[in-house]
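Open the model in a viewer and keep the selection tool at hand. The stops below go from one selection to the next.

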Amino acid sequence: MKKISLLPILVLLTLAGFSQVPGGMGGARGGMGGGNMNIGRFYGKIVDAKTNKGIEAVSIQLVQNKFDTITKKRKDTVIAGMLTSKAGDFSLENLPIMGNFRLKISAIGYKEIDQKVAFEMKMGQGGDMSQALAGIDKDLGNIKLEGDSKVLESVTVTGSKPLVTTSIDRKVFNVEKNITSAGGTAVDVMRNVPSLNVDIDGNVTLRNNAPQIYVDGRPTTLTLEQIPADAIASVEVITNPSAKFDASGGTAGILNIVLKKNRKAGYNGNLRAGIDQRGKYNLGGDINIRQNKINVFASAMYNQRKSISTGNTDRLTLVNTPNTQLFQDDKNISEGYFAFMRGGVDYFIDNRNTLTLSGVYVNGRFKPESNSDILVDTLYTAGKTSSFSNRLSNSTGEFKNRGIDLGFKHNFAKAGKEWTADANFNKSQNENSNDLITKNYSSPSGPLVRDFRQLIDGFGNNKFFTIQTDYVDPLTANSKLELGARAQIRSLESVNDISIVSGGTPIKVPQLSSQYKNSDNVYAGYVTFSNKVKNFGYQLGLRAESSEYDGEVKTVTRAGKDTTINYNNNFPISLFPSIFLSQKLKNNQELQMNVSRRINRPNFFQLFPFTDYSDTLNLSRGNPNLVPEFTYSSEISYTKTYGTSNSFLASIYFKYTDNLITRYQVAEPSPINPADSVLINTYINANSSYVGGLELINRHTIKPWWDITTNLNLFTSKINITDPKLVPQDNVYSWFGKISNSFKLPKNFTIQLSGDYQSKTILPPGGSGGGGGGMGGRGGMGGGGGMFGGSQSASQGYIRATYGVDMAVRFDFMKEKRASLTLNFSDVFRTRRSDVYSESAYFIQNSFRRRDPQFFRLNFNWRFGKFDMSLFKRKNMKGEMEGMQNGMQGVQQ
């Protein structure tokens with residue numbers, strides 16, 4: 001008998017969901033016993049060898065050789081069995097994944113079949129996760145019953161899923177055991193994922209650019225702040241996406257968030273509750289129930305938040321004569337809640353066809369309040385005069401996100417061959433109201449000179465529809481063909497009204513207000529072919545994409561005339577090839593190399609030609625003349641697994657971009673006083689840019705009770721642009737590091753201690769789309785953009801070094817460790833900050849911010865579940881079938 005490593009099996013159990021079930025791998029000690037390993041499934045179809053039609057009432061028995069404690073001898077034991085349906089289908093579930101088995105098939109008029117089946121733990125080519133997952137949910141294909149004595153070949157089932165996986169095009173990190181994010185959002189999860197950098201506002205960057213956010217393999221309009229951490233099973237980091245994925249995203253990669261879902265027969269779930277140091281609480285839970293052909297899953301969470309941030313800005317403005325020096329102190333308090341609900345149903349039409357319907361609903365309401373003290377010195381040559389103002393911003397913002405997804409999957413009789421199709425519709429909207437009161441004084445302690453009140457009311461509506469189909473055909477044991485097509489249709493509407501309050505009555509200013517709508521459509525198709533020759537594997541891909549963009553803006557000119565501006569961009573079909581190579585070496589080592597071409601199309605706000613006056617200190621406008629940027633990416637990586645659960649990954653990467661979309665500033669006459677000039681933040685296409693670096697990731701079990709994961713990223717970048725108005729800036733060599741320790745202590749205690757350090761880094765260009773997931777930006781809950789010094793990267797500059805330490809302690813208790821208490825403590829030493837220096841031909845600025853330092857959160861979690869099939873008896877077609885099924889359940893118990 002082939003020796004099977006125990007570790008992959010334990011890991012597989014954990015990732016399969018048993019950390020959520022009493023008695024599972026997260027349950028009592030000695031969890032190897034009982035039904036805890038019963039997660040496997042064999043299914044298939046019995047057909048007549050001559051007619052290929054399904055045969056009804058065929059006896060299916062799964063036999064395992066076990067040790068009899070009474071006779072002290074080994075004997076064959078039937079551990080599962082049933083009669084086939086009218087169509088010839090059978091499905092044996094809740095099977096142990098260890099050991100060898102025999103499948104006995106018999107029917108009147110046919111010869112009996114006795115064939116071997118087994119679970120063999122191994123990965124597919126390049127860490128192919130589809131092959132790994134197939135190991136615990138195996139289609140045995142169409143098994144033909146013949147009149148002769150021929151016995152079908154033995155069937156071997158393969159499958160495993162390590163805690164950290166590197167496949168040919170991605171890195172997969174299991175985050176279910178990450179206790180520092182308990183009770184938080186996806187932003188808290190990302191702080192512990194290697195390769196990702198998270199700032200104090202929750203904006204995530206991947207190699208100094210914002211990645212595209214996917215949920216369960218599809219683009220989403222959700223932000224990371226809107227996804228509960230406890231709903232996430234794993235995070236896939238795709239640094240250089242293949243032709244299978246959207247070509248959009250420019251220099252950024254893809255961050256795919258895989259949500260928890262369980263399809264094992266029975267029921268399981270958990271309930272959660274928590275409270276933080278400011279008295280804000282969170283409640284949540286999820287449940288999965290499967291009976292017969294129906295699997296139902298649902299999760300919900302309600303989270304209250306109160307965030308406090310402080311900051312200051314020092315800015316020298318050079319655009320007017322005389323120059324001015326601004327000193328600004330800010331305090332922001334944002335209080336509110338968000339609710340997350342997700343649910344769906346899987347309908348197993350038969351063993352090879354599954355229909356899935358799911359939906360998501362997110363709602364949030366926040367009330368940010370910002371208080372800014374602004375001192376301005378006018379730098380005359382013969383002296384200087386000062387002015388002081390206090391600005392109070394009271395905002396109310398509400399967002400809603402509703403989505404529905406319909407998916408179909410067909411598994412062919414050939415193992416691994418499948419066809420999927422799905423349609424997704426997502427609608428989000430936000431409403432914002434901001435009351436800005438500015439009071440001007442002759443000096444900080446002087447009398448009030450005048451006050452000024454401004455109202456900003458905004459509404460946005462975003463509709464996002466995608467339809468996609470994919471086909472996978474493993475041509476041979478080592479080769480695979482994949483085809484797919486996708487259409488994306490998006491529309492956006494927005495209204496932004498700006499009013500001046502005079503005598504208590506708001507008066508709308510049409511020249512500063514706007515109403516706009518736009519639509520963009522992307523159509524794509526792809527093909528990839530992968531093959532393996534001995535220890536060498538390759539994947540060749542080609543994607544074709546085209547897009548069209550239309551926009552309309554309604555506003556009023558200075559003369560009071562209504563005007564409508566229409567603009568559009570059509571991008572013809574572009575081709576995006578990708579090449580992935582892998583070479584397995586001796587002693588569990590592997591080399592990989594990949595090359596790809598991608599595109600970043602300008603988004604709406606980068607094209608929007610209207611000037612946004614909602615924040616008088618930070619005016620912004622898009623550029624409808626922008627063209628897409630194209631990025632050529634390459635990466636070479638080396639992986640090594642050693643010991644029982646240790647791994648090392650080293651990657652060298654380089655990305656070159658032409659026509660890089662970057663922020664830019666221009667000086668124009670003020671719309672209020674044309675004699676003065678104001679700065680407009682806009683966008684241009686730079687000549688080119690490059691990003692290169694070296695990344696190291698190591699996971700090591702130092703002791704049975706101590707695991708450590710380290711991540712080091714050394715990188716540099718450079719933007720090439722020919723413009724005398726921009727201050728030249730050389731490339732800066734930067735690095736960031738992460739370390740995460742997990743300690744399993746006696747008495748059911750676990751401690752997680754993690755830290756990160758970001759060195760001095762140049763400002764990102766700001767052109768990459770996709771969104772890093774923070775709550776900033778238009779439509780966010782942050783009110784105006786200028787509360788903390790405003791736009792920074794329409795210029796050259798850098799971000800000063802910052803670092804932080806987080807820790808968490810968990811205590812497991814109750815029978816089988818069904819419950820746990822987790823105490824989180826973030827930014828332990830009060831060191832995380834945003835400290836930015838920026839300059840252009842028009843200003844020099846230093847901006848400093850700190851948000852929610854030394855923050856405590858306490859969370860309770862209770863797991864429940866049962867996989868005893870006697871609770872969910874199948875409604876079989878015949879009494880004999882039901883009797884056999886109940887008998888098999890008695891054997892399993």
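Predicted model: local features only at pLDDT ≥ 70, side-chain atom pairs only at ≥ 80, totals over all residues.

Select Trp705, which counts as partly exposed because its relative accessibility is 41%; buried means under 20% relative accessible area, exposed over 50%, and partly exposed in between, with a 1.4 Å probe and protein chains only. Residues are numbered from 1 along each chain as its sequence is written, and side-chain values use heavy atoms, leaving out hydrogens and water.

Keep both residues selected and look at the rings. The structure holds 24 aromatic pairs. In one of them, the ring centres of Trp705 and Trp706 are 6.0 Å apart and the planes are at 20 degrees, so the pair is stacked. Rings of Phe, Tyr and Trp (its six-membered ring) pair if their centres lie within 6.5 Å; planes under 30 degrees apart are stacked, over 60 edge-to-face, and the rest tilted.

Next, select Phe749, Phe811, Phe813 and Phe860, a cluster linked by ring pairs.

Then select Lys760 and Tyr798: the charged end of Lys760 sits over the ring of Tyr798, 4.2 Å from its centre. A charge sits over a ring if NZ of Lys or CZ of Arg is within 6 Å of the ring centre and within 35 degrees of the ring normal. Move to Arg41, whose charged end sits over the ring of Tyr43, 4.0 Å from the ring centre.
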